[in-house]
Amino acid sequence: MDNLNTIAHARELDRLDSLARFRKQFLIDDPSLIYLDGNSLGRLPQKTGEHMELVIREQWGKNLIRSWNEHWYDQSARMGKKIAQLIGADPDEVIVSDSTSVNLYKLAYGALKLMEDRTEIISDDMNFPSDLYIMQGLIKQLGGKHKLNLLKSPDGISLDMSQLTRMVKQSTALITLSHVAYKSSFLYDMERVTELAHQHDALVLWDLSHSAGAVPVSLNRAGADLAVGCTYKYLNGGPGSPAFLFVKRELQERLENPIQGWFGERNPFEFNLNYRESEGIRKFLSGTPPVISLSGLDPALDIVLEAGMESIRQKSVAQSEYLLSLVRQNLTDLGIQLGSPELSERRGSHLSLKHDEAYRICKALTDPGVGDGVVIPDFREPNNIRLGISPLYTTYEDIYRAILQMKEIILEKLYENYPNTRDQVT
Ligand SMILES: Cc1ncc(COP(=O)(O)O)c(C=O)c1O
């Protein structure tokens, strides 16, 4: 092959890419825009627009209330069945509604109630803050008898399994972790963590927000207990699309839902005055699901299912390695350091690059007046440029051009033209 550091090489890799045809299934409004957001919001699938038009005009506009029986009532469970195939769960173990934070709250509450005689929750200091806020709130609501202990990362990039092993004890009720860390992309070994928890009769609750649609997940093979995850990142469900939750079958009856609303009731339309929980996964619903955004998920999931998680992972690893080799050749002498694990087995589908001027470099990348076009990464405090690889639409050429643009911005100090004041959403 030619020298890695040429656009011809990048184009050749795109030509050989067996998933390249999936890019056409997404709206690419501006072909010169390089979208490497990592990954807070996936692109819009072409079919989503048409499908939502149908949902809004036909199902809501014309069919009105009748659509509840014909299309909407079972939608949370139908989307759950599709997601189950992507995360190695059974169809009746996953349901979609509410946000990731709310789902995490419900399942963590259920776990702590079930383990009433235990007082410790374990998480880590690289977890998504909302997950830690939920635990802090729960501790208050449950009377303050629990303690949240955080496994500390030695370098802000990875977490040490042997340190985690030393932390788990008889008082541990719950271990709650992000399978892929939102900043560094560190990927936990789900089987090992689950086995460790079970040796101590503790439960594990996984946050799969950066895993679902990005890395293959086998919840049942790992013996996992509980999981949640969002659908707007690698599943491309759109901004604010609802989250999923997974409860393994054996736990469904024993776990209590703290928000027992009518959608979790056995028969909401009997309007019984006393709550009788549904059988199975449905009992973890609470109120009316967000029907419109839930329906946007339907065509989006079909694309991921068609491509298959193994192929997606293969391309994600190949593109991450390609990105890393370009970083080593072009950026390491310019003050860029890797903020993600070196080994692809320990990474999800994004990479963080650290630089003292990370924020202003991101600003320059997104400026249409710089280089050949806009590059969209995202910035994570204090100094991370997060680059997401979404194999269904990311091209090798995108990666090549983005790295070269970053090189020019750093070399020419173009970032000095931007203020360091943070936007509300970074
Ligand atoms: C890992 C992780 N967990 C939880 C959340 C919060 O999700 P939600 O806003 O759906 O509650 C996010 C949001 O980006 C996330 O990345």
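**Fold, ligand shell and backbone geometry of the predicted chain**

Lysine 413 is found in the segment that follows α14 (396–411). In this predicted model, lysine 413 has a phi near 55°, a positive value in a residue other than glycine. With 11 other C-beta atoms within 10 Å, and with exposed meaning 12 or fewer, lysine 413 counts as exposed. A second residue of this kind is asparagine 236, whose phi is near 60°, again positive in a residue other than glycine. Asparagine 236 belongs to the loop between β7 (226–229) and β8 (244–247).

One runs from glycine 38 to asparagine 39, with omega near -10°, and asparagine 39 sits in the loop between β1 and α2 (46–62). The other joins glutamate 381 and proline 382, with omega about -5°; proline 382 lies in the loop between β12 and β13.

Turning to the chain as a whole, the model contains 14 helices and 13 strands. The radius of gyration is 22 Å, close to the 22 Å that the globule rule gives for 426 residues, so the chain is as compact as a globular protein of that length. Along the principal axes, the C-alpha atoms fill a box of roughly 70 × 60 × 40 Å. Buried residues make up 47% of the 426 in the chain. Among contacts with a separation of 6 or more, 74% come from residues 24 or more positions apart.

Two residues illustrate such pairings across the sequence. Alanine 111, in helix α5, is buried, with 26 other C-beta atoms within 10 Å. Leaving aside residues up to four places away in sequence, alanine 111 touches Ala173, Leu174, Leu203, Leu205 and Leu226. Alanine 111 and leucine 251 are 140 residues apart in sequence, yet their C-alpha atoms are 9.4 Å apart in space. Proline 31, by contrast, is exposed, with 7 other C-beta atoms within 10 Å, and is placed in the loop between α1 (7–16) and β1 (34–35). From proline 31 to aspartate 398 the separation is 367 residues in sequence and 9.9 Å in space, C-alpha to C-alpha.

Helix α5 also contributes to the ligand site. The ligand is surrounded by 13 residues, of which the closest are Ser99, Thr100, Ser101, Phe128 and Ser209. At least two residues of this shell come from each of α5 (100–114) and α6 (129–141). By class, the shell holds 4 nonpolar, 7 polar and 2 charged residues.

Strand β3 (residues 120–124) is largely enclosed by the rest of the structure, because 4 of its 5 residues are buried. Strand β3 runs parallel to β4 (residues 147–151), to which 5 bridges join it, and serine 123 stands opposite leucine 150 in β4. Elsewhere, 4 strands form an open sheet in the order β9-β10-β13-β12, with antiparallel pairing. Strands β9 (337–338) and β12 (378–380) each have a single partner strand at the edges, so one side of each is left without a neighbour in the sheet. The antiparallel pair of β9 and β10 (residues 350–354) is joined by 2 bridges, with leucine 338 opposite leucine 353 in β10. Across β10, β12 and β13 (384–388) lies helix α13 (residues 358–365), running at about 45° to β13.

How values were computed. Residues numbered from 1 in each chain as written. Predicted model: local features only at pLDDT ≥ 70, side-chain atom pairs only at ≥ 80, totals over all residues. Pairing = 2+ DSSP bridges. Contact = placed C-beta atoms within 7 Å. Axes fitted to C-alpha atoms, helices over the stretch in contact; angles between N-to-C directions. Near = placed C-beta within 6 Å. Nonpolar A, V, L, I, M, F, W, Y, C, P; charged D, E, K, R; others polar. Buried ≥ 20, exposed ≤ 12 C-beta atoms within 10 Å, placed from the backbone. Rg over C-alpha atoms; globule rule 2.2 N^0.38 Å.
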